[in-house]
Amino acid sequence: MENSAMKKKKQVLLYYCVEMEDVARKIASESDYIILHSINWRSFADGFPNLFINNAHDIRGQHVAFLASFSSPAVIFEQLSVIFALPRLFVASFTLVLPFFPTGTFERMEEEGDVATAFTMARIISNIPISRGGPTSLVIYDIHALQERFYFGDHVLPLFETGIPLLKQRLQQLPDSEKIVIAFPDDGAWKRFHKQLVHYPTVICTKVREGDKRIVRLKEGNPAGCHVVIVDDLVQSGGTLIECQKVLAAHGASKVSAYVTHGIFPNRSWERFLHKNDGSEKAFTYFWTTDSCPHTVKAVANNAPFEVISLAGSIADALQI
């Protein structure tokens with residue numbers, strides 16, 4: 001019998017923040033070994049959090065996890081308060097699931113005085129108290145820059161997961177799955193993801209400066225006659241994806257779709273991608289993203305071309321590692 005079959009599954013008690021409740025319920029539905037527990041999220045009159053961890057006595061000696069969403073600075077403090085409290089309740093082990101690591105794009109200094117807030121966030125997380133089982137396990141999906149793993153201290157064990165296997169499953173279901181070409185919007189995305197997508201032909205775009213503008217050009221590959229899927233870790237305004245789509249269509253792509261693990265879309269920028277009912281050409285056939293950013297999930301639900309691919313099954317598996 002294989003080792004994985006012999007390995008006994010552990011029961012995990014999963015706490016979650018308010019905005020991740022839907023994802024938490026999906027994770028629990030994936031496994032009989034994941035039991036949901038709740039926090040009372042209240043505030044005092046001055047706005048500061050008044051928090052209570054339910055069943056605190058019952059979690060002693062249990063494997064405990066917390067599903068977080070640091071979607072804005074306003075919600076981070078109350079979640080950190082819980083995250084710092086749970087490991088101290090005599091739990092057997094503690095896992096923090098933070099699908100989207102925010103500040104990840106602010107990981108380097110270009111001139112003296114720049115503040116690399118990704119490093120700040122990593123330092124805060126690295127100071128989570130160790131539990132009886134040792135350091136906190138930290139589950140993150142498609143962190144923006146791989147070198148950010150070195151920002152974390154020895155009190156956390158980062159487990160870097162990816163949404164790409166979920167994308168591959170979805171691509172195999174498409175009627176034109178034999179005509180898929182993967183496009184990377186820049187060299188960074190290619191370095192990041194090409195080894196996970198080696199079975200597909202690839203196209204690489206690049207940004208070049210022309211005066212004050214950054215123009216997207218086709219660097220290598222041929223998209224002609226194919227369904228081209230642009231792959232990246234995250235989207236903000238979506239400007240680069242839109243420029244990529246224009247270049248790929250101009251080079252003969254029959255369809256263009258996009259996948260990002262994290263659909264951040266500040267200022268409702270997802271609206272730029274919606275299919276209009278005025279008979280105009282639909283630039284993107286599909287736009288896939290995961291449920292790592294719950295505000296986006298609610299906003300784009302049932303709006304073409306958006307399809308949300310849930311991380312729930314993948315997170316349920318990660319909690320058994």
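## Hairpin, mixed sheet and aromatic cluster in a predicted model

Strands β3 and β4 make a hairpin, with 5 residues between them. G47 sits in the turn and has a positive phi of about 95°. The model is predicted. β3 covers residues 39–43 and β4 covers residues 49–53. The two strands pair in the antiparallel sense, over 5 bridges. Within this pairing, I39 stands opposite I53 in β4.

### The seven-stranded sheet

An open sheet is formed by 7 strands. Their order is β11-β10-β9-β12-β13-β14-β15, and the pairing is mixed. The edges are β11 (213–220) and β15 (306–309). Each has a single partner strand, so one side of each is left without a neighbour in the sheet. On average, neighbouring strands of this sheet are turned by 25° against each other, direction ignored.

Inside the sheet, β13 (residues 255–263) and β14 (residues 287–290) run parallel. They are joined by 3 bridges. A258 stands opposite F287 in β14.

Helix α5 (residues 164–172) packs on the sheet. The helix touches β9 (180–184), β12 (227–235), β13, β14 and β15. Its direction makes about 125° with that of β15.

Which residues of α5 are buried? They are I164, L166, L167, R170 and L171. These residues cover an arc of only 155° around the axis, which puts them on the same side of α5. Their cover includes α6 (187–193), along with β9, β12, β13, β14 and β15.

### The annotated segment

The UniProt record, an unreviewed entry, carries the annotation "domain: Phosphoribosyltransferase" for residues 154–262. Over residues 154–262 the chain is 26% helix and 41% strand. The end C-alpha atoms of this stretch are 27 Å apart.

D154 lies in the loop between β7 (136–141) and β8 (156–161). At 72% relative accessibility, D154 is exposed. Its C-alpha atom is separated by 31 Å from that of R25. Along the chain, D154 and R25 are 129 residues apart.

Q245 belongs to helix α7 (residues 239–250). Is Q245 buried or exposed? Q245 is buried, with a relative accessible area of 10%. Leaving out residues up to four places away in sequence, Q245 touches I230, V256, A283 and F284.

### Aromatic pairs

The whole structure holds 13 aromatic pairs. One of them is F273 with F284, an edge-to-face pair. The rings are 5.3 Å apart centre to centre, with 70° between the planes. Both F273 and F284 lie in the loop between β13 and β14, so the pair ties together parts that are 11 residues apart in sequence. F273 is buried, at 3% relative accessibility. F284 is buried too, at 3% relative accessibility.

Ring pairs extend this into a cluster of F265, F273, F284, F287 and F306. F284 is also among the residues that Q245 touches. F287 is the residue in β14 opposite A258.

### Accessibility of selected residues

| Residue | Relative accessibility | Class |
|---|---|---|
| D154 | 72% | exposed |
| F90 | 47% | partly exposed |
| F273 | 3% | buried |
| F284 | 3% | buried |

### Backbone exceptions

Most residues other than glycine have a negative phi, and most peptide bonds are trans. Some places in this chain depart from that pattern.

F90 is not a glycine, yet its phi is positive, at about 60°. F90 lies in the loop between α3 (73–85) and β6 (93–97). At 47% relative accessibility, F90 counts as partly exposed.

R268 is another residue other than glycine with a positive phi, near 55°. R268 is found in the loop between β13 and β14. F273 and F284 lie in the loop between β13 and β14 as well.

Where is the cis peptide bond? It joins A304 and P305, and omega is about 10°. P305 lies in the loop between α8 (294–300) and β15.

Methods. Residues are numbered from 1 along each chain as its sequence is written. This is a predicted model: local features need pLDDT of at least 70, side-chain atom pairs count only at pLDDT 80 or more; totals for chains, interfaces and linings use all residues. Side-chain values use heavy atoms; hydrogens and water are left out. Helices (H or I, at least four residues) and strands (E, at least two) are DSSP runs, numbered from the N terminus. Buried means under 20% relative accessible area, exposed over 50%, partly exposed in between (1.4 Å probe, protein chains only). Contact means heavy atoms within 4.5 Å. UniProt positions are given in the numbering used here, feature names are shortened, and annotations may be inferred rather than shown by experiment. Two strands pair if DSSP finds at least two bridges between them. Axes are lines fitted to C-alpha atoms, for helices over the stretch in contact, and angles run from 0 to 180 degrees between N-to-C directions. The arc is that of the directions from the helix axis to the C-beta atoms. Rings of Phe, Tyr and Trp (its six-membered ring) pair if their centres lie within 6.5 Å; planes under 30 degrees apart count as stacked, over 60 as edge-to-face and the rest as tilted.
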